[in-house]
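Hi there,

Here is the structure I promised to pass on.

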Amino acid sequence: MNLKGRNFLTLKDFTPEEITYLIDLSAEVKEKKKNGVPVDNYKGKNVALIFEKDSTRTRCAFEVAAHDMGMGTTYLGPTGSQMGKKESIEDTARVLGRMFDGIEYRGFGQEIVEELAKYAGVPVWNGLTNEYHPTQMLADMLTIRENFGTLKGLKLVYMGDARYNMGNSLMVACSKLGLDFVACTTEEYFPNADLVAQCQEYAKESGATITLTSDVKEGTKDADVIYTDVWVSMGEPDEVWEKRIKELSPYKVTKEVMANAKDSAIFLHCLPAFHDLKTKIGKEMGERFNIEDMEVTDEVFESEQSKVFDEAENRMHTIKAVMMATLGVQE
Ligand code: CP
Ligand code: NVA
């Protein structure tokens, strides 16, 4: 399998075999890291990390992975570069492409990362847009495979706002890899019909099913994976919280939801999560709302079934695999 020179913008651009290869490579580099075997033969290469939105996991994963690989990194935060203000995306891409071997972008519309990729001349990696979060998908699929030994035939239920990056990306990943995908939410939050139709095509190939339902009992019954995300994403106005809580409260992940899934079911969340009042924003939210009204209860988040920190760790191994594969695997 040769992915050298490819961009990593959405899993829609990759075949099931290519995605599986990236998951296998992730497992391999994870094992090497655990055993102290270095994968550091990328010395002399440099990557640019553009973050127009904040990040803990994605930024750290790219930085640690790049440093492990022997590469240099330059972080360009939401302020401090000319991109999108004084300088167009196209010009920024052409400049960075002359200096760096690869570029990560986190920000707003998918069209921005597509534009960067069009002009950079080096691999561009999507570190989250409004529409897709493909590096997260590899970490999620690796975590699921570590728990069940397989992906095909498992039932993954996504609860919450399924129209945004996480719902979209999970539907693409599941339908490509043969997991039965359920979006369990109100109709208003169902994924976009065009994307559903496209994923139905992938599902025909992989044997997956796609179900959109507002019935929590039916939707989560016998699930292998229960997945959720924050109800208001980065970049969305604060005012939508009230509406989201009102509409999505029936779809929060509780112990009853987990009990309705299989006994072996796991809980995943891309993080960051609202489940307690320990954060600054959490405290402010707690003054406005009941924290128990958020996407997952503390009880589920802290339970044995919750694999969210394995999932977070896997961001680093999978991002390393993406950079290795697209920069060219060097043994
Ligand atoms: N899951 C995820 O992308 O987390 P960060 O926003 O911290 O990068
Ligand atoms: N949907 C969330 C995901 C964070 C990793 C957001 O876009 O803010």
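**The two ligands**

Let's begin with ligand 2: one of its nitrogen atoms lies 2.7 Å from a polar side-chain atom of serine 233. That is a polar contact (a pair of N or O atoms within 3.5 Å; within protein, one must be able to donate a hydrogen and the other to accept it, and residues adjacent in sequence count only if both atoms are side-chain atoms). A nitrogen atom of ligand 2 is also 2.6 Å from an N or O atom in the side chain of aspartate 229. Methionine 234 uses its backbone instead, with an N or O atom 2.8 Å from an oxygen atom of ligand 2. On its own ligand 2 exposes 270 Å², and the protein buries 96% of that. Accessible areas come from the Shrake-Rupley method with a 1.4 Å probe, and for residues only the protein chains shown count as cover.

Before going on, a word on the ground rules. This is a predicted model, in which local features need pLDDT of at least 70 and side-chain atom pairs count only at pLDDT 80 or more, while totals for chains, interfaces and linings use all residues. Residues are numbered from 1 along each chain as its sequence is written, chains are lettered from A and ligands numbered from 1 in the order in which they are written, and side-chain values use heavy atoms, with hydrogens and water left out.

Which residues surround ligand 2? They are Leu128, Tyr164, Asn165, Asp229, Ser233, Met234, Cys270 and Leu271, where near means having a heavy atom within 4 Å. Sorted by class, that shell has five nonpolar, two polar and one charged residues. Here Ala, Val, Leu, Ile, Met, Phe, Trp, Tyr, Cys and Pro count as nonpolar, Asp, Glu, Lys and Arg as charged, and the others, Gly among them, as polar.

Now for ligand 1. Around it are Ser55, Thr56, Arg57, Thr58, Arg106, His133, Gln136, Cys270, Leu271 and Arg315. By class that makes two nonpolar, five polar and three charged residues. Arginine 57 has a polar side-chain atom 2.8 Å from an oxygen atom of ligand 1, and arginine 106 likewise has a polar side-chain atom 2.8 Å from an oxygen atom of this ligand. From leucine 271, a backbone N or O atom lies 2.9 Å from a nitrogen atom of ligand 1.

**Around leucine 271**

What is the phi of leucine 271? It is near 65 degrees, a positive value in a residue other than glycine. The bond from leucine 271 to proline 272 is a cis peptide bond, with omega about 0 degrees. For background, most residues other than glycine have a negative phi, and most peptide bonds are trans. Leucine 271 is in the loop between β9 and α11, and proline 272 lies in that loop as well, with α11 covering 280–288. Helices (H or I, at least four residues) and strands (E, at least two) are DSSP runs, numbered from the N terminus. Leucine 271 counts as buried because its relative accessible area is 10%; buried means under 20%, exposed over 50%, and partly exposed in between (1.4 Å probe, protein chains only).

**Other spots to look at**

- Aspartate 222 has a positive phi too, about 55 degrees, although it is not a glycine. Its loop runs between α8 (216–220) and β8 (225–228), and at 40% relative accessible area aspartate 222 is partly exposed.
- Aspartate 161 is in the loop between β5 (155–159) and α6 (165–177). It is buried, at 5% relative accessibility, and its side chain makes a polar contact of 2.9 Å with that of arginine 163.
- Glutamate 131 sits in the loop between β4 (124–126) and α5 (134–148) and is partly exposed at 27%. Its C-alpha atom is 7.8 Å from that of serine 169, 38 residues away along the chain.
- Phenylalanine 14 is in the segment before α1 (16–34) and is buried, with 2% relative accessibility.
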